[in-house]
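This report walks through selected features of one protein model. Please keep the sequence and the structure in view while reading.

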Amino acid sequence: MNSQSNPPETFETKRLLVRALTPEDDILINEAVQASHSELSQFMTWCHPDYNLKDATAWIHQAISKWQTAEHFTFAIIENLSGKLIGSVGLNIIDKADTANLGYWIHSAYCGRGYASEAATGLFRYSEKFLSFKKLEIVMSTRNPASRQVAINLKAKFEGLTSNRLVSTDENHDAFVYALYPEPPK
């Protein structure tokens, strides 16, 4: 992947400020995860039963470190209207050459409002402009219709169903795989 040496740490959408995580976000991330634990823990292995501030702090420090090495580009999602941190969206490298995974989660109180789709669309556009991935994958459990709807909203191409692709705390999940392909430069 050939990325701009220092891609911007923020972008905006119609209703959101999407910015790189900072160490000061640890309490806000922890609060959002705690409030959304029952939903997130079904699909996110990092959202274990004892998730706490220490976990949020460690995750943020890892995200900041991996941003500096261009392995991850992880953002906080801030709702403009309230100024509240309502989730996260990011890209992590899954293929050193040219492919990344696009992931997202939204605080349960803010689900169903299109924020995940809006943030993911913004990140896709950001990726086209500042990074040079040839493919962004979106992978979700077949049991997660809300996440699948985000991929559909992004007009991502359905690439298939894979068995036991995702590991959860209690079992493996089959997964749907979608992909976004940036427009070729003109």
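## Backbone, burial and pocket

Alanine 70 counts as partly exposed, because its relative accessibility is 24%; buried means under 20% relative accessible area, exposed over 50%, and partly exposed in between, with a 1.4 Å probe and protein chains only. The model is a predicted one, in which local features need pLDDT of at least 70, side-chain atom pairs count only at pLDDT 80 or more, and totals for chains, interfaces and linings use all residues. Residues are numbered from 1 along each chain as its sequence is written, and side-chain values use heavy atoms, with hydrogens and water left out.

Alanine 70 sits in the loop between α3 (53-68) and β3 (72-79). Helices (H or I, at least four residues) and strands (E, at least two) are DSSP runs, numbered from the N terminus. The phi of alanine 70 is positive, near 60 degrees, in a residue other than glycine. Lysine 155 also has a positive phi, of about 60 degrees, and is not a glycine.

Helix α1 covers residues 26-35, and its buried residues are Asp26, Ile29, Asn30, Ala32 and Val33. Seen down the axis of α1, these buried residues fall within an arc of 165 degrees, so they line one face of the helix. The arc is that of the directions from the helix axis to the C-beta atoms. Their cover includes α2 (37-40), α3, β4 (85-95) and β5 (99-106).

Aspartate 25 lies in the loop between β2 (16-20) and α1. With a relative accessible area of 2%, aspartate 25 is buried. Leaving aside neighbours within four places in sequence, aspartate 25 is in contact with Arg19, Ala20, Ile60, Ala76 and Leu85, where contact means heavy atoms within 4.5 Å.

Proline 7 is in the segment before β1 (10-12) and counts as buried at 8% relative accessibility. What does proline 7 contact, leaving aside its neighbours within four places in sequence? The residues are Trp67, Phe73, Tyr126, Phe130 and Leu131. The C-alpha atoms of proline 7 and phenylalanine 130 are separated by 5.9 Å, although the two residues are 123 residues apart along the chain.

A disulfide is taken as a pair of cysteine sulfur atoms within 2.5 Å, and by this rule the count is zero. Cysteine 47 is in no disulfide, the nearest cysteine sulfur being that of cysteine 111, 12 Å away. Cysteine 47 is buried, with a relative accessible area of 1%, whereas cysteine 111 counts as partly exposed at 44% relative accessibility.

The largest pocket has a volume of about 1,300 Å³. On a 1 Å grid over the protein atoms alone, a pocket is an open set of points where a 1.4 Å probe fits, with protein on both sides within 12 Å along at least five of seven lines, and lining residues have an atom within 4 Å of a point. Grid points are joined across faces, edges and corners, and the volume is the space filled by probe spheres set on the points. Of the 47 residues lining this pocket, Met44, Trp46, Gly103, Tyr104 and Trp105 lie nearest its centre.
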